[in-house]
Amino acid sequence: MATTTRLLLATTLTVALTLPLPAHATTHTDYPGHTTSRYVPLTNVTNAQAHEHGCAEGRTGTSGLRILFFGTQEKNDTLREPGRTASTSTPRSPYTKAAQYAHHWAQGFTQCRTGQTTAELALGINNKQDSGLTGAHAGQRWAHFVTTARHDSTTEAVTITTALDAEPSWSSPTWARDWLTAYTNTTTIPLYAANSADSCPTNTNTTNCANGWKLADVHHMAGGGNPTIHAIPQIYRTDGIQARQWATISRWGHANTGDPLRFAGAMSQHTACKQRSCNKTDNTPQQAWNQLKNALNAHPTTRIDTLGPATDMRWP
């Protein structure tokens, strides 16, 4: 998954680094803990591994959202592994293999769970436009896939839902909007927006983000105007800029559409950074959660009373 580091505007970075933290910047008493989400390269994964991954989460005793990121949609309902470009020779996997992994994850979670622990299992892909698919086709096909997976689920402990990692660097805003419109026109299954805010501002002096995206586009893709979509944004950077970006996006939404974003939690990549090197993008889940909540609570129009658990990304 790309980070926003490469594309942050230099002027935005300069301004953001000088912003003071709120006086209440480090209150940990209401931190609800975190779950673990995964990038899932499907080529060599086994059903036994999927079962154990779900089992490990069931043992934690923490209810809440888990995301499985399967990569990029390609033609004929196939998936390219996470972190791969269109030119890679890595074999593509059919959607059915993603459904199989999710099924065995859910069975493992249910068999190993502590007490009545439950999970929302979001089947996720990204918005990479390099596959040749139109946004409308990709969104509709993923809606059909998740609907089938949800219908075929055999455990009440796990609810199948959807996640989208929408990053401005990866597609035009039109492609992303077409994906979301097609998805929401096809199904009412809730969607979690695990998005980045590449080069978006930390104040409302400008509305420009990366790759031709505007604050309006980022706000829309994170659930602006749609109560079935909740944001769980990437809060990776240790300097807190990403949290302030998302607070600005929500504040923009309140001012311009009357709809600040609905945040489900914060996403970190601390474990993934231990597995693969990172540079100052390795917030712990608690750091990510606190940064986001504090940034939102720094302004009355975006203030929140509660924020759900963080989720931390890892590779299998």
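L123 touches L68, F70, A102, W142, F145, V146, A149, I160, T161, T162 and A163, leaving aside residues up to four places away in sequence; contact here means heavy atoms within 4.5 Å. The model is a predicted one, in which local features need pLDDT of at least 70 and side-chain atom pairs count only at pLDDT 80 or more, while totals for chains, interfaces and linings use all residues. Residues are numbered from 1 along each chain as its sequence is written, and side-chain values use heavy atoms, with hydrogens and water left out.

L123 is also one of the residues that touch the most other members of the largest nonpolar core, together with F70, W142, W179 and W246. This core has 66 residues, and its largest share, seven residues, comes from helix 3. A second, separate core of 15 residues includes F69, A122, A163 and Y192. A nonpolar core is a set of buried Ala, Val, Leu, Ile, Met, Phe, Trp, Tyr and Cys residues joined through side-chain atoms within 4.5 Å. Buried means under 20% relative accessible area, exposed over 50%, and partly exposed in between, with a 1.4 Å probe and protein chains only.

Turning to the strands, L123 stands opposite T162 in strand 7. Strand 6 (residues 119-126) and strand 7 pair in the parallel sense over eight bridges, where pairing requires that DSSP finds at least two bridges between two strands. Strand 7 spans residues 158-165, and seven of its eight residues are buried. Helices (H or I, at least four residues) and strands (E, at least two) are DSSP runs, numbered from the N terminus.

An open sheet of three strands has the order 3-4-5 and antiparallel pairing. Its edge strands, strand 3 (72-74) and strand 5 (93-94), each pair on one side only. Strand 4 (residues 78-80) is joined to strand 5 over two bridges in the antiparallel sense, and T78 stands opposite P94 in strand 5.

The loop between strand 3 and strand 4 holds N76, which has a positive phi of about 60° although it is not a glycine. N76 is exposed, at a relative accessible area of 68%. N211, likewise a residue other than glycine, has a positive phi near 60° and lies in the loop between strand 8 (191-193) and helix 6 (215-221). With 46% relative accessibility, N211 counts as partly exposed. S250, in helix 7 (residues 241-257), is buried, with a relative accessible area of 1%. Its contacts, not counting residues up to four places away in sequence, are P260, L261, F263, L296 and T302.

Finally, the cavities. The structure holds two of 30 Å³ or more. On a 1 Å grid over the protein atoms alone, a cavity is a set of points where a 1.4 Å probe fits but cannot get out, and lining residues have an atom within 4 Å of a point. Grid points are joined across faces, edges and corners, and a volume is the space filled by probe spheres set on the points. The largest cavity, with a volume of about 40 Å³, is lined by V45, T46, N47, A50, K97, Q100 and Y101.

Terms used: 1 Å grid on protein atoms, 1.4 Å probe; cavity = no way out; pocket = protein on both sides within 12 Å on 5 of 7 lines; lining within 4 Å.
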